[in-house]
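Take a walk through this model, one site at a time. The structure comes first, then the explanation.

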Amino acid sequence: MDELGKVTMEIFSKLEQKWLYQYEGKKTRILSIDGGGTTGIVCGAGLIRLEQQICAKVGDPHARISDYFDIIAGTGVGAVFAAMLVADRGDGRPIFTAKDAVRFVTVNQSRLFKAKNVGVIHRKRRFSGKSMDKVLKEAFRRDDGKVLTLKDTCKPILVPCFDLNSSAPFVFSKADATESPSFDFELWKVCRATSANPSMFKPFQLNSIDGKTSCSAVDGGLVMNNPAAAAVTHVLHNKRDFPSVTSVDDLLVLSLGNGPLSPQSKLKLRSDGYCSSSSVFGIVIDGVSETVDQILGNAFCWNPNDYVRIQANGVGVRGAEVLEERVVESLPFGGKRLLTETNGQRIGSFVHRLVKTSLPPSPCKETTVNNPLTNGR
């Protein structure tokens, strides 16, 4: 680096430090959205209420969720919502409002999960991957025809799946996509990968933009149905994008759940005293989400208002009903308690802190230092 470059870097470094000092005590804001297949409308209701509350609080009808969160994570249908909330229309603004995103998923639900029967003797119910592909392609193609990738988002995004090639979780992120085209994937394929429930769809094969990275994906919900812990860990270790974060004390987290995925009746023992395979599957999926909630509850035990979980209490709760339910909060080191506050009221309280702790753009984020002089000056 030449002397001019060193001076430029030093100037911007000091500006960044001044910015961080000036806004000391502000929080880096994380939104996490659970998977849940066709039950995703529950967290959809939470997203609509969240954006409505933000608009009302700041007095701006054009305010969007992505304006007030620094990173959004999602699994399964939660990833579809997450990607729609940050998909850049070309001017740094998201294509979809929360209401538009939920409406799109609701209207296209029968196409996203188009059932078909396979087999002759033993008939099995499967879902059409081609139908889901078509819907997701429609969602993540701009009016000018551009197919959006992980890099084409107005805020960082995090989406998990499970890769059969490596027998390990694979997490798609804008941070990795920005570093290398070998980790940049088309957004519709990312959403398709994290939604490939193995009991419903075949594994989904996808390649990075440059073709150097491949993945044989199945449902991210198998390992990270609740991606909140993955998002927190990502922020804590990503010093390039989140330089001011040193611990969970610097974070403000909203986690939206979709309620239990399996009816409680299926969790009963069979007559022979054993659990059925479907019961075990339900325990695993719901148990992972509850475990993440418990872990984060412990991590934020000294700052409980910095971590908020919105979750349906029972099976079959639909849409706005969840907002009228009382909050169920995880207690540090085990157990839960029922609060008098409803989920809808909890979102309103969270928005008050969210807007209060908003960070203005960093002076260095959108500035290139490769060519510090403009027009030869």
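Glu329 is buried, because its relative accessible area is 14%. Buried means under 20% relative accessible area, exposed means over 50%, and partly exposed lies in between (1.4 Å probe, protein chains only). Glu329 sits in strand 11, which covers residues 326-330. Helices (H or I, at least four residues) and strands (E, at least two) are DSSP runs, numbered from the N terminus.

A word on the source. This is a predicted model, where local features need pLDDT of at least 70 and side-chain atom pairs count only at pLDDT 80 or more, while totals for chains, interfaces and linings use all residues. Residues are numbered from 1 along each chain as its sequence is written, and side-chain values use heavy atoms, with hydrogens and water left out.

Back to Glu329. Its side chain makes a polar contact of 2.7 Å with the side chain of Arg337. Another polar contact, of 3.1 Å, joins the side chains of Glu329 and Arg346. A polar contact is a pair of N or O atoms within 3.5 Å; within protein, one must be able to donate a hydrogen and the other to accept it, and residues adjacent in sequence count only if both atoms are side-chain atoms. Leaving aside neighbours within four places in sequence, Glu329 is in contact with Gly335, Lys336, Arg337, Leu339 and Arg346. Contact means heavy atoms within 4.5 Å.

Now the whole chain. The protein has 13 helices and 12 strands. Of its 377 residues, 49% count as buried. Among contacts with a separation of 6 or more, 68% are between residues 24 or more positions apart.

Next, the helix pairs. Two packed helices are described by the angle between their axes and the distance between the axes. Axes are lines fitted to C-alpha atoms, for helices over the stretch in contact, and angles run from 0 to 180 degrees between N-to-C directions. The axes of helix 2 (residues 41-58) and helix 13 (residues 343-356) come within 9 Å and cross at roughly 45°. Helix 2 and helix 13 are therefore oblique to each other. Angles under 35 degrees count as roughly parallel, over 145 as roughly antiparallel, 65 to 115 as roughly perpendicular, and the rest as oblique. On helix 2, the contact is made by residues including Leu50 and Ile54; on helix 13, Ile347 and Val351 are among them. By class, this contact of helix 2 with helix 13 has seven nonpolar, five polar and two charged residues. Ala, Val, Leu, Ile, Met, Phe, Trp, Tyr, Cys and Pro count as nonpolar, Asp, Glu, Lys and Arg as charged, and the others, Gly among them, as polar.

Helix 6 and helix 8 pack at an angle of about 140°, with their axes 9 Å apart. That makes helix 6 oblique to helix 8. Gly129, Met132, Asp133, Leu136 and Lys137 in helix 6 meet Trp188, Cys191 and Arg192 in helix 8.

Which loop holds Thr149? Thr149 is in the loop between helix 6 (129-139) and strand 5 (157-163). Thr149 is buried, since its relative accessible area is 9%. A polar contact of 3.0 Å joins its side chain to that of Asp184.

Ser199 lies between helix 8 (187-194) and strand 7 (204-207). Ser199 is partly exposed, at a relative accessible area of 43%. Ser167 is in the loop between strand 5 and strand 6 (168-173). Ser167 is exposed, with 56% relative accessible area.
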